[in-house]
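Here is a short report on one chain, written to be read beside its sequence and structure. Start with a single loop residue, then move on to the helices and the cores.

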Amino acid sequence: MMNNSIEIMLVCSAGMSTSMLVRAMKNVISDRNLKVNVFAKPSTDAMEYLDEYPVDVVLLGPHVRFFEDNYKEELAQKKIPVTVIPPRDYGTMNGEKVLELAMNLLEK
């Protein structure tokens, strides 16, 4: 990790709703003064990004959950945890819950 911040990537299909969730997460991050960077990438670009840049956790939007096995397989050697955001937390744009999900994955 270059600047000691935790890199969290959200993977989505087009990115509209996911960018709202990223904003919600960023609000929680700044409220708590955490060194965390969260961003969204469309599923079409995500793997290429992961090949070039360090990412600590990958969270998949519920609408791209069918990629989960593929991502887990691809990222196993890089030891990057991957999981699907629960539809309820995604649907309610619960930045706090989704951030906790990512942090809990890092602790495993």
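Proline 54 is partly exposed, with a relative accessible area of 40%. The model is predicted. Proline 54 sits in the loop between H2 and E3. Its C-alpha atom is separated by 10 Å from that of methionine 9, and the two residues are 45 residues apart along the chain.

Tyrosine 53 lies in the loop between H2 and E3. Its relative accessibility is 42%, so tyrosine 53 counts as partly exposed.

Which residues of H2 are buried? They are Ser43, Ala46, Tyr49 and Leu50. Viewed down the axis of H2, these buried residues fall within an arc of 100°, so they line one face of the helix. They pack against E1, E2, E3 and H3.

The face turned away from the buried side of H2 carries exposed residues. These are Thr44, Glu48, Asp51 and Glu52.

Glu68, Tyr71 and Leu75 are the buried residues to look for in H3. They cover an arc of only 65° around the axis, which puts them on the same side of H3. The buried residues of H3 pack against E1, H2, E3 and strand E4 (82-84).

Asp69 and Glu73 are exposed, on the face of H3 turned away from its buried side.

## How H2 meets H3

Two packed helices are described by the angle between their axes and the distance between the axes. Helix H2 spans residues 43-52 and helix H3 spans residues 68-76. They pack at an angle of about 10°, with their axes 11 Å apart. That angle is under 35 degrees, so H2 is roughly parallel to H3.

H2 brings Ser43, Ala46, Met47 and Leu50 to this contact. H3 brings Asn70, Tyr71, Glu74 and Leu75. By class, the contact of H2 with H3 has five nonpolar, two polar and one charged residues.

## How H1 meets H5

What is the angle between H1 and H5? It is about 75°, with the axes 8 Å apart. An angle of 65 to 115 degrees counts as roughly perpendicular, so H1 is roughly perpendicular to H5.

On the H1 side, the contact is made by Leu21, Ala24, Met25, Val28, Ile29 and Arg32. On the H5 side, Gly95, Glu96, Val98, Leu99 and Glu100 take part. The residues of the contact of H1 with H5 divide into seven nonpolar, one polar and three charged.

Methionine 20 is also in helix H1. With a relative accessible area of 44%, methionine 20 is partly exposed. Methionine 20 and methionine 103 are 83 residues apart in sequence and 19 Å apart in space, C-alpha to C-alpha.

## The nonpolar cores

In soluble globular proteins, nonpolar side chains tend to be buried together. Here the largest nonpolar core has 19 residues. Ile8, Leu10, Met25, Leu59 and Leu99 touch the most other members. At least two residues of this core come from each of strand E1 (6-12), helix H1 (16-32), strand E2 (36-42), strand E3 (57-60) and helix H5 (95-107).

Leaving aside its neighbours within four places in sequence, isoleucine 8 is in contact with Met25, Val36, Asn37, Val38, Phe39, Val57, Leu59, Leu99 and Ala102. A second, separate core has 15 residues, including Leu50, Val58, Val64 and Val82.

## Positive phi in two loops

Most residues other than glycine have a negative phi. Asparagine 33 has a positive phi, near 55°. It is found in the loop between H1 and E2. Is asparagine 33 buried or exposed? Asparagine 33 is exposed, with a relative accessible area of 70%.

Methionine 93 also has a positive phi, near 55°. Methionine 93 is in the loop between helix H4 (87-91) and H5.

Conventions. Residues are numbered from 1 along each chain as its sequence is written. This is a predicted model: local features need pLDDT of at least 70, side-chain atom pairs count only at pLDDT 80 or more; totals for chains, interfaces and linings use all residues. Side-chain values use heavy atoms; hydrogens and water are left out. Axes are lines fitted to C-alpha atoms, for helices over the stretch in contact, and angles run from 0 to 180 degrees between N-to-C directions. Helices (H or I, at least four residues) and strands (E, at least two) are DSSP runs, numbered from the N terminus. Angles under 35 degrees count as roughly parallel, over 145 as roughly antiparallel, 65 to 115 as roughly perpendicular and the rest as oblique. Contact means heavy atoms within 4.5 Å. Ala, Val, Leu, Ile, Met, Phe, Trp, Tyr, Cys and Pro count as nonpolar, Asp, Glu, Lys and Arg as charged, and the others, Gly among them, as polar. A nonpolar core is a set of buried Ala, Val, Leu, Ile, Met, Phe, Trp, Tyr and Cys residues joined through side-chain atoms within 4.5 Å. Buried means under 20% relative accessible area, exposed over 50%, partly exposed in between (1.4 Å probe, protein chains only). The arc is that of the directions from the helix axis to the C-beta atoms.
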